[in-house]
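I'm opening my notebook on a structure that is new to me. I'll jot down what I look up as I go.

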Amino acid sequence: MNTQVVEKTNKTARTGSARRRREHLFYTGMAIAIVGTVFAGFAPTYYLRPFFGAPPLMPLLHLHGLVFTSWMVLLLTQTTLVAANRTDVHRCLGIAGAVIAVLMVLVGTVTAIIRAKQGAAPPGGPSPLVFLAVPLGDMLVFSILVGAGFHFRRRQDVHKRLMLLATVSILPAAIARLPFGILKAGPPAFFALTDIFIVACIFYDLIARPRIHRATALGALLIVASQPFRLILGGTSAWMSFATWLTQSLA
């Protein structure tokens, strides 16, 4: 009888260890893929700008790049710490994460409005004021997901999914700059490529669990549903009036 109990205990331990290894591999792999995508997207205009002969950037864009890069580095650091069982350091860095997240929303929002005021928009895409709904939507969705992630920081299963999806929600800016011909189609194309990361999260849940985790389902629904909504909203007269007021009020 004791032998059976020991064997069952050992089996449970092996199963738990394999599950943790699979989990660490997935989240670390996703963090690496996200960081790689951001670097590839912004390399010509930011990270490797001198090698591409890109024009100088105004200070606000440098600040934007610094803050958003800090978040990506923190994401990779945090997933690595969890994989190394250094959750104590992970929790300490959570304070820095909260500060960076707030800065991202503030700087990202101001940058989006100023860039719209300057006439920045994807080549062949919607007008700057119409397109403004896209980056501002990114900031809103990111705020909701990252805020929920910090709220559920004691629920590891919820926290890690929401923080990953929050980061995925701001990937369209980097993906839109990748050298793929399909991206000439504008926002629908880079939204579709962004959603590949969401599909990966869903597949992981289906493999690791009997069903999709509620945090994954709700977070994914928020991101995906917001994408066409932003495109529709951007074409309305109400949005155009609001966007015009935003760009004119920000001197």
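**Ground rules**

I remind myself that this is a predicted model, where local features need pLDDT of at least 70, side-chain atom pairs count only at pLDDT 80 or more, and totals for chains, interfaces and linings use all residues. Residues are numbered from 1 along each chain as its sequence is written, and side-chain values use heavy atoms, with hydrogens and water left out.

**Entry: salt bridges**

How many salt bridges does a search of the whole structure find? I get four.

I start with Arg230 and Asp138, whose closest N and O atoms are 2.6 Å apart. I take helices as DSSP runs of H or I with at least four residues, and strands as E runs with at least two, numbered from the N terminus. Are Arg230 and Asp138 buried or exposed? Both are buried; that word means under 20% relative accessible area, while exposed means over 50% and partly exposed is in between (1.4 Å probe, protein chains only).

Next I look up Glu23 and Lys160, whose side chains meet in a salt bridge at 2.4 Å, N to O. Here too the pair links distant parts of the chain: Glu23 belongs to helix α1 and Lys160 to helix α7 (residues 156-168), 137 residues apart. Glu23 counts as buried because its relative accessible area is 11%. Lys160, at 16%, is buried as well.

I also note Asp157 and Arg155, with a salt bridge of 3.4 Å, N to O. Asp157 has 27% relative accessibility, so I write it down as partly exposed. Arg155 comes out at 43%, which means partly exposed again.

**Entry: a charge without a partner**

I find Arg49 in helix α2 (residues 49-52). Arg49 is buried yet has no salt bridge, and the nearest side chain of opposite charge, Asp138, is 21 Å away. What does Arg49 touch, not counting residues up to four places away in sequence? I list Ala43, Pro44, Ala54, Pro55, Pro56, Leu57 and His62; contact here means heavy atoms within 4.5 Å.

For the charges overall, I count Lys and Arg as positive and Asp and Glu as negative, leaving out His and the chain ends. The protein has 23 positive and 7 negative side chains, and the centres of the two sets lie 3 Å apart. Each charge is placed at NZ of Lys, CZ of Arg, CG of Asp or CD of Glu.

**Entry: the helices**

I see eleven helices and zero strands in the protein.

Among the buried residues of α6 I note Ala133, Leu136, Gly137, Phe142 and Phe150.

I check helix α3 (residues 59-83) too: its 25 residues reach 36 Å from first C-alpha to last, close to the 36 Å expected at 1.5 Å a residue. After α3 comes Asn85, with a positive phi near 60°.

**Entry: two single residues**

I look up Val35, which sits in helix α1 (residues 2-47). Its relative accessible area of 24% is why Val35 counts as partly exposed. Leaving aside neighbours within four places in sequence, Val35 is in contact with Met72 and Leu76. Val35 and Ala174 are 139 residues apart in sequence, with 10.0 Å between their C-alpha atoms.

Ala96 lies in helix α4 (residues 87-117) and is partly exposed at 33%. Between Ala96 and Gly119 I count 23 residues in sequence and 34 Å in space, C-alpha to C-alpha.

**Entry: the whole protein**

The C-alpha trace spans about 75 × 35 × 35 Å along its principal axes. Of the 251 residues, 39% count as buried. Among contacts between residues at least 6 apart in sequence, 68% join residues at least 24 apart.

Terms used
The expected span of a helix is 1.5 Å times one less than its number of residues.
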